[in-house]
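Got a structure open and wondering where all those labels come from? Let's take some of them one at a time and check each value against its cut-off.

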Amino acid sequence: MPALVIEGGANRAAYATGVAASLQARGFRPDAVYGTSAGGALAAWYGAGQMEIGCRTWDAVEDRKLLSFTRALTGGYVFDLRTLYHHYYPNVFGMDVAALKRAPFPVHVTITDADTCETYYPDLRKEEDPLAAIHAGAAIPVLSEAPVDWNGRRCLDGGTTEPIPLARAIEDGHKEIVVVMNRAAGERKPEPEWAIRLVASKLPRIEQAARQHHEFHNRAVRLALAPPEGVRVHVIRPAADTGVGRMTRDARTLRNVIHVGRRDGEYAAAQLGLA
């Protein structure tokens, strides 16, 4: 089977959730899964065999404990990812961490070192606390607590340096890869200057990465469309703008986007020859 690569993008990943749920329901057992940021969380649900639960987690987007603009105005963060990953995932949603550790394929998440900008790709099956690795790889600068500690390092969202971990999957030797992207076709533009300066004021060592973030994304998309000789890449992405942004908090909108992802995942499963 091909490897599976899942893009992040915070709440934009609702689309990839639907795609992954359809692939899992059709019996798609990848050689490995790679996920960035929210895509890393989806990789974990996939590894645990619980994508249907992963779909239901988006109903909690309206929970102000997890996402609150008012909290940000009073000195807190928009996203409370510590509560999400360390409490809601195991205790409210019921992530089966033991099943994740028994996954029959590697489950990689991307994590960026806040001090060196090095990217790590741990296999969640080998982590003592997989939830801590998921949290570290999704810690969005400014919008959530970041950096966070992971194995003695100050770490943050893997999307800072690796928005779509396709190059790593190819480097690891995978010759056939399914890539799930959460954006329709089109060049990614630079982040606004005010946003880059805000990030740099809190995390000066990642300023350059913030300035190059769109380049990292566009480079990965170009690689997917023109992979090296001997590598085949299947791209699954929405045909049009889903209308979902990083901080979309309307559960009905996200459920609709999950449905679009399910539909596209069904089509992709048929193309892959799954029953």
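Q: Why is P90 called partly exposed?
A: P90 has a relative accessibility of 27%. Buried means under 20% and exposed means over 50%, so P90, at 27%, falls in between and counts as partly exposed. Keep in mind that this is a predicted model.

Q: Where does P90 sit, and what does P90 touch?
A: P90 lies in helix α5. Not counting residues up to four places away in sequence, P90 touches Y85, M95 and L131. P90 and L131 are 41 residues apart along the chain, yet their C-alpha atoms are separated by 8.7 Å.

Q: What makes D80 a cap for α5?
A: Look at the N-terminal end of the helix, where a side-chain oxygen of D80 lies 3.4 Å from the backbone nitrogen of R82. The cut-off for a polar contact is 3.5 Å, so the 3.4 Å pair of D80 and R82 makes it. After α5 comes G94, with a positive phi near 85°.

Q: Which residues of α5 are buried, and what do the buried ones pack against?
A: L81, L84, Y85, Y88, Y89 and F93 are buried. The buried residues of α5 pack against α2 (38–47), α3 (51–56) and α7 (130–138).

Q: Why is R188 called buried?
A: R188 has a relative accessible area of 11%. The limit for buried is under 20%, so R188 qualifies. You'll find R188 in the loop between β8 (176–180) and α9 (193–202).

Q: How do you know that R188 makes a polar contact with E191?
A: The side chains of R188 and E191 come to 3.0 Å. A polar contact needs N or O atoms within 3.5 Å, so the R188 and E191 pair passes. Leaving aside neighbours within four places in sequence, R188 is also in contact with R183, H213, H214, H217, N218 and R246.

Q: What makes the phi of A10 worth a look?
A: Most residues other than glycine have a negative phi. The phi of A10 is near 55°, a positive value in a residue other than glycine. S37 also has a positive phi, near 55°.

Q: Why are A10 and S37 called buried?
A: A10 has 9% relative accessibility and S37 has 7%. Buried means under 20%, so A10 and S37 both count as buried. A10 is in the loop between β1 (3–6) and α1 (14–25), while S37 is in the loop between β2 (33–35) and α2.

Q: How do you know that β1 pairs with β8 and with β2?
A: Count the bridges. Pairing takes at least two bridges. β1 and β8 have four, and β1 and β2 have three, so both pairs pass. Each pairing is in the parallel sense. For examples, A3 stands opposite I177 in β8, and L4 has V33 as its bridge partner in β2. A3 and V5 point one way from β1, L4 and I6 point the other way, and all are buried.

Q: What makes β5 and β6 edge strands?
A: The open sheet has four strands in the order β5-β4-β7-β6, with antiparallel pairing. β5 (119–120) and β6 (148–150) each pair on one side only, and they are the edge strands. β4 (residues 111–113) pairs with β5 over two bridges, and at least two are needed, so that pair counts. I111 stands opposite Y120 in β5.

Q: How do you know that the bond from A146 to P147 is cis?
A: Its omega is near 0°, and the peptide bond is cis. Most peptide bonds are trans. P147 is found in the loop between α7 and β6.

How values were computed: Residues numbered from 1 in each chain as written. Predicted model: local features only at pLDDT ≥ 70, side-chain atom pairs only at ≥ 80, totals over all residues. Heavy atoms only, no water. Buried < 20%, exposed > 50% of the residue type's maximum accessible area, 1.4 Å probe, protein only. Polar contact = N/O pair within 3.5 Å; in protein donor to acceptor, adjacent residues only side chain to side chain. Contact = heavy atoms within 4.5 Å.
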